[in-house]
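Please look over the chain shown here before reading the notes. They cover strand pairing, selected residues and charged pairs.

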Amino acid sequence: MFTGIVEEVGEVTAVEQLTDAARLTVRGPLVTSDAGHGDSIAVSGVCLTVVTVSDGEFTVDVVNETLQRSSLAKVAVGDAVNLERATPAGGRLGGHIMQGHVDGTGAFVSRDERGVTTFSLPRALSRYVVEKGSIAVDGVSLTVASVSDDRFSVALIPTTLEVTTLGRREAGDLVNLEVDVVAKYVEKLTAPHVAANAHNV
């Protein structure tokens, strides 16, 4: 589990294409300080399993399913990525409950002088996004300021712009989105009852 509080901005130092997968090497001195084989690290919001750790760098394998659903399919050497270690039991829940299971990608649209930042939103995900609810953008826990069928806005404080990759985003840049998992469970659990009630009307 993650909470969306980015610990450091890392750098992709190598990308190796494998059969239906990719192996990434990422520099992250802080997150590798206590990391070992099998640990989980969120890379721009994607939960990945550490394969090796050496000299402040770690490698991870990204399977095809993850490549299809996230922006990691287009990651390149030199790219900056948000990094967060898995939250330990008893740790602070500084953001919101996140799994690191990306639901899809959006794109940076605009940011105004107040830091209000707008991203495109896949219509299939819009039903899970509500005003004042939580959403993860590239692994950053954020509060939704406004939402429509195809876009949403968040208000980014100067600190977030400075210590995450969101301050570097330009128009058209892809971002990873993870909606609130509670909303998805509620939908699945209530769907049979909603359908039954509709049938009886």
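The points below are grouped by topic.

This is a predicted model, in which local features need pLDDT of at least 70, side-chain atom pairs count only at pLDDT 80 or more, and totals for chains, interfaces and linings use all residues. Residues are numbered from 1 along each chain as its sequence is written, and side-chain values use heavy atoms, with hydrogens and water left out.

**Strand pairing**

- Helices (H or I, at least four residues) and strands (E, at least two) are DSSP runs, numbered from the N terminus.
- Two strands count as paired if DSSP finds at least two bridges between them.
- Strand E2 (residues 21-27) and strand E5 (residues 57-63) run antiparallel and are joined by seven bridges; Arg-23 stands opposite Asp-61 in E5.
- E5 is also joined to E4, in the antiparallel sense, by four bridges. Here Ser-54 stands opposite Glu-57 in E5.
- The hairpin of E4 and E5 has two residues between the strands, and Asp-55 takes a positive phi near 50° in it.
- Strand E9 (residues 134-137) pairs with strand E10 (residues 140-147) over four bridges, antiparallel. Ala-136 has Ser-141 in E10 as its bridge partner.
- Two residues lie between the strands in the hairpin of E9 and E10, where Asp-138 takes a positive phi near 50°.
- E10 pairs antiparallel with strand E11 (residues 151-155) as well, over three bridges. Val-144 has Val-154 in E11 as its bridge partner, and the hairpin formed by E10 and E11 has three residues between them.

**Thr-52**

- Thr-52 belongs to strand E4 (residues 46-54).
- With a relative accessible area of 40%, Thr-52 is partly exposed. The classes are buried (under 20% relative accessible area), exposed (over 50%) and partly exposed in between, with a 1.4 Å probe and protein chains only.
- Setting aside neighbours within four places in sequence, Thr-52 is in contact with Glu-57, Phe-58 and Thr-59, where contact means heavy atoms within 4.5 Å.
- The side chains of Thr-52 and Thr-59 are joined by a polar contact of 2.6 Å. A polar contact is a pair of N or O atoms within 3.5 Å; within protein, one must be able to donate a hydrogen and the other to accept it, and residues adjacent in sequence count only if both atoms are side-chain atoms.
- His-37 is 15 residues from Thr-52 in sequence, and the C-alpha to C-alpha distance between them is 5.6 Å.

- Thr-87 lies in the loop between E6 and E7 and is buried, with a relative accessible area of 19%.
- Beyond its neighbours within four places in sequence, Thr-87 contacts Met-1, Phe-2, Thr-3 and Arg-92.
- Ile-97 is in the loop between strand E6 (80-85) and strand E7 (104-111); Ile-97 is partly exposed, at 43% relative accessibility.
- Met-1, Leu-93 and Ile-97 form a nonpolar surface patch with about 290 Å² of accessible area together. Patches are made of residues with over 30% relative accessible area and no salt bridge, like charges being joined within 9 Å and nonpolar side chains (Val, Leu, Ile, Met, Phe, Trp, Tyr) within 5 Å. Accessible areas come from the Shrake-Rupley method with a 1.4 Å probe, and for residues only the protein chains shown count as cover.

**Salt bridges**

- A salt bridge is a side-chain nitrogen of Lys or Arg within 4 Å of a carboxyl oxygen of Asp or Glu. By this rule there are 11 salt bridges.
- Asp-103 and Lys-184 form a salt bridge through their side chains (2.7 Å, N to O). This pair links distant parts of the chain, with Asp-103 in the loop between E6 and E7 and Lys-184 in helix H4 (residues 181-200), 81 residues apart.
- Asp-103 is buried at 17% relative accessibility, whereas Lys-184 is partly exposed with a relative accessible area of 25%.
- The side chains of Asp-112 and Arg-114 form a salt bridge (3.0 Å, N to O). Asp-112 is partly exposed, with a relative accessible area of 26%, and Arg-114 is exposed at 62% relative accessibility.
- Arg-127 and Glu-187 form a salt bridge through their side chains (2.5 Å, N to O). This pair also links distant parts of the chain: Arg-127 is in the loop between helix H2 (123-126) and E9, and Glu-187 is in helix H4, 60 residues apart.
- Arg-127 is exposed at 52% relative accessibility, and Glu-187 is partly exposed at 31%.
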